[in-house]
Amino acid sequence: MTAHEIDYEIYGEEMQYVEIELDPQEVVIAESGSFMMMEEGIKMETIFGDGSQKDTGFLGKILGAGKRILTGESLFMTAFYNEIIGKRRVSFASPYPGKIIPIDLTRFGGKFICQKDAFLCAAKGVSVGIEFSKKLGRGLFGGEGFIMQKLEGDGMAFVHAGGTMAEKELAPGEVLKVDTGCIVGFDSTVDYDIEFVGGIKNTVFGGEGLFFATLKGPGTVYVQSLPFSRLAGRVLASAPRSGGNSKGEGSILGGLGDLLDGDNRF
């Protein structure tokens with residue numbers, strides 16, 4: 001498997017986008033909805049699955065595309081081709097505040113595991129598949145379920161992390177405990193499992209969930225400070241209810257404080 005070699009540059013701080021430079025006949029594949037802009041001379045085409053050469057024949061393409069349903073993604077992806085002589089650029093944006101992480105798959109031995117909605121785009125030739133959990137506890141309580149995304153190949157891929165991203169290099173046998181929703185992705189050499197928090201007070205009143213994700217080295221781990229599920233939960237908790245009431249976080253006086261400080265425009 002030989003992926004196209006692409007050059008790139010990442011712009012922005014909190015709301016980032018990645019600009020990819022395509023040589024003639026080079027191709028980049030992207031998740032539906034991530035496209036931002038492109039220069040004239042680039043052709044956009046909707047394809048089944050990821051367009052890699054891993055799944056050959058009609059049945060193979062159908063199975064490859066069908067796997068994406070299990071990760072909650074669309075059957076289709078979008079390919080962007082540079083059809084003219086000369087370099088052309090196409091850009092893809094992150095879906096919510098956070099960081100875009102470039103993943104050189106050759107650095108990870110040709111395989112990288114990430115959460116289901118982390119993938120943004122990649123060079124053509126990178127296979128975007130699924131990784132089933134082999135451990136029952138991890139599948140039931142791991143936050144990401146039995147299925148995660150698997151990126152395979154020898155090219156560049158780009159994943160997205162919410163908030164601020166932390167990169168941790170784990171030594172052999174070193175263990176890192178992480179909130180289950182904060183995992184972005186990790187090296188295939190990292191052992192991933194679930195550990196019960198323990199303690200009645202922690203379980204009932206801790207507010208941090210019942211389980212940790214335990215990541216055991218060696219390998220690289222990427223952790224995000226603001227998973228989208230946590231961001232969405234906070235927004236929903238603060239949204240006006242059907243009766244017009246909100247959580248009132250704008251003031252220590254709650255809803256009365258909103259009236260006093262004028263924070264009642266939304």
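Close-up 1. Arg107 is partly exposed at 46% relative accessible area (buried means under 20%, exposed over 50%, partly exposed in between, with a 1.4 Å probe and protein chains only). This is a predicted model, where local features need pLDDT of at least 70, side-chain atom pairs count only at pLDDT 80 or more, and totals for chains, interfaces and linings use all residues. Residues are numbered from 1 along each chain as its sequence is written, and side-chain values use heavy atoms, leaving out hydrogens and water. Arg107 forms a salt bridge with Glu167 (3.0 Å, N to O); the term means a side-chain nitrogen of Lys or Arg within 4 Å of a carboxyl oxygen of Asp or Glu. Glu169 also forms a salt bridge with Arg107, at 2.9 Å between the closest N and O atoms. Glu169 lies in strand 14 and Arg107 in the loop between strand 8 and strand 9, so this pair ties together parts 62 residues apart in sequence. Strands are DSSP runs (E, at least two residues), numbered from the N terminus.

**Close-up 2. Lys87 meets Glu21.** Their side chains form a salt bridge (3.9 Å, N to O). Lys87 sits in the loop between strand 6 and strand 7, and Glu21 in strand 2, 66 residues apart. Lys87 is partly exposed at 40% relative accessibility, whereas Glu21 is buried at 17%.

Close-up 3. The order is 15-18-17, with antiparallel pairing (two strands pair if DSSP finds at least two bridges between them). Strands 15 and 17 stand at the edges, each with a single partner strand, so one side of each is left without a neighbour in the sheet. Five bridges join strand 15 to strand 18, and Val175 has Lys216 as its bridge partner.

How values were computed: Helices (H or I, at least four residues) and strands (E, at least two) are DSSP runs, numbered from the N terminus.
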